[in-house]
Amino acid sequence: MLRIKNLEAGYGPLKVLRKVSMHIGPSEIVTVIGANGAGKTTLLKTISGLLCAQAGEIIFEKRNLRMLPPEMIVFLGCSLVPEGRQLFAPMTVRENLILGAYVQYRRRRQEEVKEDLERVFALFPRLKERETQLAGTLSGGEQQMLAIGRALLSRPAVLLLDEPSMGLAPRLVREIFDHIARLRTERGVTILLVEQNARAALSIADRGYVLETGRVVLEGTAEDLLANRDVQRAYLGRERNGTP
Amino acid sequence: MYWEPDSECMHREEIEQLQLERLQATLNRVYGRVPFYRKKFDEMGIGPEDVGALADLARLPFTTKDDLRDNYPYGFFAVPMREVVRIHASSGTTGTPTVVGYTRNDIRTWSNLVARIITMGGATKDDVIQIAFGYGLFTGAFGLHYGAERIGASVIPASSGNTARQIKIMQDFKTTALVSTPSYALLIGETIREMGIPLSSLSLKWGLFGAEPWSDAMRQEIEDRLGIVATDNYGLSEVIGPGVSGECLERKGLHINEDHFIVEVVDPETLTPVPPGEVGELVLTTLSKEAFPMIRYRTRDLTRLLSGECPCGRTGQRMSRVFGRSDDMLIIRGVNVFPSQVETVLFEIEGTEPHYQIVLDRKGAMDEATVLVEVSESIFFDQMRRQKEMIERIQKRLAQDLGVTFGVKLVGKKGLERFEGKARRVVDNRKM
């Protein structure tokens, strides 16, 4: 569904991504893990068009996304849940969600937007409870749900998630990741998940890539990566004993 | 039946994308962790960043057996020793062995690749698989063992040797699949005949053979003697062990596990890729090995890639059965000859037994080649005239097909050495 080849991206003379190649199949959950500064956010910014790639190709359903403006990429079915949520704090939960559907308004599908809103509320009942509350007053976990919900309103085929665990208490991380996994099983959404919390990410992903200073150094199934000693040492904390 | 249908039947496009991703990741890793490769790449002024397409692989340096020997034992390991859970070594019929290592993930991958091959060769979890390879540093036994266990079959780690015992195990334990070298399978077949054991007392159905080149004629012989369907499988310890490629039941070439190995075929002299479908030396690059990744390893095995689709539905490119090694190719009076070519001729002549030896001498400046071939009792004790006729027939065929004049000597049954492991069919007495 999404096929990336030799992606090079950076900020002016600062080169961040070096010949990054990866792919995501339909309804797969693929994670990209790596340390701070590895290039994970740059990767998602480049795919979603917020940053212009310097070389390489990003093929999404036979179209090259490189060079397309971000709103076009959302229109084509690829939505980003940005790092740090980036909600509109002075607006209500409902207003934030509806803004996520702006592409649908362009398509004049307003009735469907109402349907989608109800579906997001079914997925995140807590958001329904706080429908008229200002986004800035929500808790961390609720804000993350809202950010995901907003992206879902654009009816994406591929959802890009940038560090959804950031700033969340461990119990909430568990909850959010369960929701993310269900997006795939219940709605068939294809997910590219970028995370520093490798353990949480690998617990729901099918496959993963490990990024180190802008280069892919390892690729494999979640099982492979969890069992890989380098990954364990660098990203999973203490060495695991008795791993099967 | 497929072991990993998603991987074995992937579209060509998907295979190539996966190969590119894994190649780039492997190059990034080896550049950082294997001093030999970093040095070589730096010398050539090339790095992982220069590889943006599979074709760019041709710009990278080869790795040879000598390189491995020079870095004996652990010079090519890409992970710390505490992550290596298994060490194997190649038999190395000449010189120092090469040492290879596996992480836990490598072992799991290896088991799955061999599981694919066993499955495509017909065996399933309901089979009783007798592994008649020698257990030890050689990768054949453990490789097939883990693959067989992976599919859930009942595995008998018989190891090699003591043929009478092997046969008793086959009868009593009701072995349905035999794993060994083709030469050993032949020996077992012979012994069964000698002992007067009827095939009906055996439960054999499948044979999975490898570790040395063997001809179609030999396959037929083995299948007849043991009452099985025999498939070839290929691998080498430097790259992983068994599991690189294997024949499906169509037996129209060996499917290569391309999601784990990139295959190239090069001219052994010029080292440039041969035109599609031509014979050349197989060069392999690993895509998922953690402990012992290999970039463009020269296998010295001669093969060619087969085009077209296989009826079995697997999309991995196929290679022909290995013709021989580029270093056991003989040059006799300027003519290139493979022992397997001699084998083919001999098998087609009635009265010969499937045991032969090529002896090379030099008289003065000229090479002299003699073929010793075992013949059936009736011929051996027959009139001189009939023996002479046979000798002439063999000589004529060899000259016709191979372009070399051989001396031919007929030998009685068991007159030649038998091999449990790899057969040594050439005695080269020529001193350079």
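**Where the chains meet**

In this predicted model, the contact between the chains draws 17 residues from chain A and 16 residues from chain B. On the side of chain A that touches chain B, the elements that give two or more residues are the strands β1 (2-11), β2 (14-24) and β10 (215-221), together with the helix α10 (222-227), of chain A. Sorted by class, that side of chain A has eight charged residues, five nonpolar residues and four polar residues.

Staying with chain A, we can turn to one of its helices. The buried residues of α1(A) are Lys40(A), Thr42(A), Leu43(A), Leu44(A), Lys45(A), Thr46(A) and Ile47(A), where a residue is taken as buried if 20 or more other C-beta atoms lie within 10 Å of its own. Just after α1(A) comes Gly49(A), which takes a positive phi of about 90 degrees.

We now move to chain B, for which the domain assignment gives domain 1, covering 1-325, and domain 2, covering 330-428. Taken over C-alpha atoms, the centres of domain 1 of chain B and domain 2 of chain B are separated by 30 Å. Between these domains of chain B, 17 residues of domain 1 are in contact with 14 residues of domain 2. On the side of domain 1 of chain B that touches domain 2 of chain B, the elements that give two or more residues are α8 (182-194) and α9 (216-226) of chain B, and the largest share, four residues, comes from α8(B). By class, this side of domain 1 of chain B has eight nonpolar, seven polar and two charged residues.

Chain B also holds an open sheet of four strands, which follow the order β10-β11-β12-β15 with antiparallel pairing. Because β10 (261-266) and β15 (324-325) of chain B stand at the edges, each with a single partner strand, one side of each is left without a neighbour in the sheet.

Technical notes
Residues numbered from 1 in each chain as written. Chains lettered and ligands numbered in written order. Predicted model: local features only at pLDDT ≥ 70, side-chain atom pairs only at ≥ 80, totals over all residues. Domains from an automatic or database assignment. Contact = placed C-beta atoms within 7 Å. Nonpolar A, V, L, I, M, F, W, Y, C, P; charged D, E, K, R; others polar. Pairing = 2+ DSSP bridges. Buried ≥ 20, exposed ≤ 12 C-beta atoms within 10 Å, placed from the backbone.
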